[in-house]
Amino acid sequence: MIEDYWPYVVIIVAGWLATDMWRWLGVIAGNRLKEGSEALNWVRAVATALVMAVTAKLVVFPTGALEGSPLWLRLLAAGMGFAVFLLAGQRVIVGVLVPLAILGAGLLWL
């Protein structure tokens, strides 16, 4: 019976090692950086670029329920969500709820 589950254990342990080790190293290295240093600015820029790349991929090449929605609706929701996010003083909850509402209304309307 244990032989049936060893691949899952290997996947869990390997996944944990691959991600958690780097997280802890990042915490240790990040504690030594000064708040306004160029290195920390670079790290923030790379992290922001990665988040935006994933977001763009999800908008342009969605999977699951969004796959059937038209591209113009996804782009409209993303653009309006970003605009309202900026107008609302960069409140994340507004930047999440507005695009969801636009997508939901658009999918119901279509």
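The largest pocket of this predicted model has a volume of about 620 Å³. Of the 18 residues lining this pocket, T55, V59, A78, G95 and P99 are the closest to its centre. Two or more lining residues come from each of α2 (38-60), α3 and α4 (92-109). The lining is made up of 14 nonpolar residues, three polar and one charged. Here a pocket is an open set of points on a 1 Å grid over the protein atoms alone, with protein on both sides within 12 Å along at least five of seven lines, and lining residues have an atom within 4 Å of a point. Helices are DSSP runs (H or I, at least four residues) numbered from the N terminus.

Residues are numbered from 1 along each chain as its sequence is written, and side-chain values use heavy atoms, without hydrogens and water. Local features need pLDDT of at least 70 and side-chain atom pairs count only at pLDDT 80 or more, whereas totals for chains, interfaces and linings use all residues.

A nonpolar patch on the surface is formed by W72, L76, M80, W109 and L110, which together have about 600 Å² of accessible area. Such a patch joins nonpolar side chains (Val, Leu, Ile, Met, Phe, Trp, Tyr) within 5 Å, in residues with over 30% relative accessible area and no salt bridge. Helix α3 (residues 71-87) contributes the most to the nonpolar patch, with three residues. W72 lies in helix α3 and is partly exposed because its relative accessibility is 47%, the class between buried (under 20%) and exposed (over 50%), with a 1.4 Å probe and protein chains only.

Two salt bridges are found in the whole structure, each defined as a side-chain nitrogen of Lys or Arg within 4 Å of a carboxyl oxygen of Asp or Glu. One joins R23 and D20, with the closest N and O atoms 3.6 Å apart. Both residues lie in helix α1 (residues 2-31), three residues apart, about one turn of the helix. R23 is exposed at 55% relative accessible area, whereas D20 is buried at 18%. E35 forms a salt bridge with R44, and the closest N and O atoms are 2.7 Å apart. E35 is exposed, at 58%, and R44 is partly exposed, at 40%.

Q90 is found in the loop between α3 and α4. Its phi is near 60 degrees, a positive value in a residue other than glycine, and Q90 is exposed, with a relative accessible area of 54%.

Key
Patch = residues over 30% accessible without salt bridge, like charges linked within 9 Å, V, L, I, M, F, W, Y side chains within 5 Å. Areas by Shrake-Rupley, 256 points an atom, 1.4 Å probe, with all protein chains shown as cover. 1 Å grid on protein atoms, 1.4 Å probe; cavity = no way out; pocket = protein on both sides within 12 Å on 5 of 7 lines; lining within 4 Å. Points joined across faces, edges and corners; volume = space filled by probe spheres on them. Nonpolar A, V, L, I, M, F, W, Y, C, P; charged D, E, K, R; others polar.
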